[in-house]
Amino acid sequence: MNSPWVLRVDGLGKRYGRGCGLCSKNTGPLAGANSCANCGSILACTNVSFDLLPGETLGIVGESGSGKSTVLRCLFLDEEPTWGSAYLSGFHRGERDIFTASPPERRELRAATMGLAYQNPGAGLNLHITAGGNIAERLLNVRVRSVAEIRDRAGYLLRRTEVPHDRMDDIPAHFSGGMQQRVQLAKVMANNPSVLLLDELTTGLDVSVQAGVLDLVRELQEQLHIAMVVVSHDLGVIRLLAGRTMVMKDGQVVESGLTDQVLEDPHHPYTQLLVASMT
Amino acid sequence: MSSVATLVAQNVTPGRGAYNFGFLDETTKREVRRALLKAVALPGHQIPFGSREMPVARGWGTGGIQVTLSILGPDDTVKVIDQGADEGVNAWNIRRLVTDTSGVPTTTDSREATIIQTRHRIPETPLRDGQVLVFQVPMPEPLRMVEPSERKTRAMHAQADYSRAWVYLYEDVVRRGEISHATGYPVMVAGRYLLSPSPIPRWDVPKLNMADGLYLFGAGREKRVYAIPPHTEVVPIDFEDYPFYVESFPDRKCQKCGAEAVYMNEVVLDDGRHAFTCSDSGYCDSRLTGGVE
């Protein structure tokens with residue numbers, strides 16, 4: 001079977017805490033909360049479903065605490081979801097839930113099939129080994145065992161992400177935030193992942209550096225046709241990168257559709273507020 | 001009678017003075033031997049054991065001593081070396097502890113020994129079938145240099161997730177233009193576990209591969225034992241374009257016995273000149289007295 005999607009997410013949810021019968025009533029956009037008033041559990045996200053098509057970019061937008069990052073962390077297998085399943089076309093031809101993968105399979109998925117760029121570059125990079133070494137870690141994970149090959153590939157990736165070649169053997173702890181972010185992108189790209197997950201990639205960067213990083217991501221979209229999920233609370237970023245957008249609030253998807261449609265004709269009051277506050 | 005009392009009553013080979021044969025009590029020896037059996041069954045895997053207080057400080061070979069004393073029998077002959085030398089202070093003290101509490105004979109000739117306890121060297125003469133080499137190990141965890149958390153290194157071993165050990169070598173190549181890791185060079189054992197062979201020089205690492213003898217490793221402070229059974233494949237990790245290599249001593253000859261192509265110590269003579277001698281003193285001696293090529 002050849003699946004039309006590269007990533008399918010079905011009913012994904014994550015609860016912190018033991019949960020109770022009232023959780024679903026006490027949380028969500030209607031309740032205006034993501035923590036249950038009865039048992040104190042936090043429902044970071046519930047019932048998130050979507051298909052990601054080849055070469056497509058899906059935006060997830062929402063306020064801080066709306067569960068966007070939890071969705072990405074679950075998909076990247078950093079967190080164990082409480083509910084739901086996810087399928088990658090590259091994993092058992094999309095027939096097996098990635099959350100049932102064994103530890104070695106998980107490592108393979110994280111190293112070669114998916115890439116997650118964290119909001120904080122320190123989470124995705126080891127700041128105390130060289131930029132090249134960070135990229136090498138990815139390549140070594142898929143059993144590249146030649147220094148020359150590693151340096152070729154790292155050099156290429158750093159060139160693509162506009163990190164000066166002579167900084168390849170410096171440690172990222174000495175880099176600016178924007179440059180760390182670009183090194184992280186290079187690392188994430190190392191094994192040509194089929195799905196790229198970008199978490200608040202430009203947040204905290206100054207505007208000119210933001211523009212550079214966004215240009216880079218667009219280039220990757222156009223030239224390599226990598227499918228991406230872009231999480232941001234910045235509608236400008238979403239507008240620029242994403243063809244389709246989901247709006248999240250209090251752990252649930254409140255609106256989704258083509259990005260233009262969502263931004264031009266927002267239906268949900270929260271989306272309306274979000275769009276209104278942009279101008 | 002309790003099992004402990006039974007063991008004490010059955011102890012027909014008394015040590016000297018008030019000590020049990022081989023200093024350790026029989027239940028301790030059995031526990032260490034159980035851990036060693038497990039270690040041999042899982043080549044390269046670190047097995048925890050209840051490391052005892054010994055009459056030397058931890059860090060002075062207590063792991064090796066406990067392994068040696070636990071496998072020691074009245075018919076054994078023991079050799080103890082420190083950096084290749086039988087005359088080192090550490091070697092002397094350990095040898096005295098073994099003989100004082102067990103009465104077994106000792107030797108400096110590695111061919112005559114059944115058990116050789118070593119700190120940081122493997123004898124030049126290859127082990128033969130039936131011989132056991134016991135290493136004193138300060139740092140059993142080969143991944144400690146890349147991962148400080150024990151919980152995480154255990155998970156890495158469980159999943160054979162060793163890419164970060166290679167990252168460490170890559171960083172070495174980038175900084176120094178070569179793999180400079182000199183002692184305790186990490187090796188893959190039987191294609192499964194990454195192992196630290198204790199701080200032996202690279203020179204000795206190839207001797208671990210497909211050996212005829214048994215290698216046992218004891219880390220007293222870290223409370224771990226592990227093993228490389230005879231005829232086990234042991235491969236140092238490296239890169240295709242930066243392969244593992246051993247130290248070379250071009251044109252060097254031992255000042256005492258004239259040996260070449262052995263691991264050498266550099267010594268400064270009284271007149272300030274430098275000379276080289278065999279690091280393995282027992283090997284050097286037996287060359288001088290004849291009998292070894």
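Predicted model: local features only at pLDDT ≥ 70, side-chain atom pairs only at ≥ 80, totals over all residues.
**Chatting through a two-chain model**

Q: Noted. How many bridges join β10(B) to β11(B), and do they run parallel or antiparallel?
A: Five bridges link β10 (residues 264-268) and β11 (residues 274-278) of chain B, and the two strands run antiparallel.

Q: And which residue takes a positive phi in that hairpin?
A: That is B:Gly272, with a phi near 90°. The hairpin has five residues between the strands.

Q: Zooming out, how many helices and strands does chain B have?
A: Chain B has seven helices and eleven strands. Its C-alpha atoms fill a box of roughly 65 × 50 × 30 Å along the principal axes.

Q: What share of chain B is buried?
A: Buried residues account for 45% of the 293 residues in chain B. As for contacts in chain B between residues at least 6 apart in sequence, 61% join residues at least 24 apart.

Q: Switching to chain A. Is helix α5(A) mostly covered or mostly open?
A: Mostly covered: α5 (residues 131-141) of chain A has eleven of its eleven residues buried. Among them are A:Ala131, A:Asn134, A:Glu137 and A:Arg138.

Q: What covers the buried residues of α5(A)?
A: The cover includes α3 (103-113), α6 (147-160) and α7 of chain A, along with α6 (163-176) of chain B.

Q: Now the contact of the two chains. How many residues does each chain give?
A: Chain A gives 17 residues and chain B gives 14 residues. On the side of chain A that touches chain B, the elements giving two or more residues are α3, α5 and α6 of chain A.

Q: Which element gives the most on that side?
A: α5(A) does, with six residues. By class, the side of chain A that touches chain B has eight nonpolar, five polar and four charged residues.

Q: What about the sheet in chain A: what is the strand order?
A: Six strands form an open sheet in the order β5-β6-β7-β3-β8-β9 (chain A), with mixed pairing. β5 (114-117) and β9 (252-258) of chain A are the edge strands, each pairing on one side only. Ignoring direction, neighbouring strands of this sheet are turned by 15° against each other on average.

Q: How do β3(A) and β7(A) run?
A: β3 (residues 57-62) and β7 (residues 227-232) of chain A run parallel, joined by five bridges. A:Gly59 stands opposite A:Val230 in β7(A).

Q: Which strands does α7(A) touch on the sheet?
A: α7(A) touches β5 and β6 (195-199) of chain A, and its direction makes about 170° with that of β5(A).

Q: Last one: how do α7(A) and α8(A) pack?
A: α7 (residues 177-189) and α8 (residues 207-224) of chain A pack at an angle of about 10°, and their axes are 10 Å apart. So α7(A) is roughly parallel to α8(A). The contact includes A:Gln181 and A:Leu185 of α7(A) and A:Val213 of α8(A). By class, the contact of α7(A) with α8(A) has four nonpolar, two polar and one charged residues.

Technical notes: Residues numbered from 1 in each chain as written. Chains lettered and ligands numbered in written order. Axes fitted to C-alpha atoms, helices over the stretch in contact; angles between N-to-C directions. Helix = DSSP H or I, 4+ residues; strand = E, 2+ residues; numbered from the N terminus. Parallel < 35°, antiparallel > 145°, perpendicular 65-115°, else oblique. Contact = placed C-beta atoms within 7 Å. Nonpolar A, V, L, I, M, F, W, Y, C, P; charged D, E, K, R; others polar. Buried ≥ 20, exposed ≤ 12 C-beta atoms within 10 Å, placed from the backbone. Pairing = 2+ DSSP bridges.
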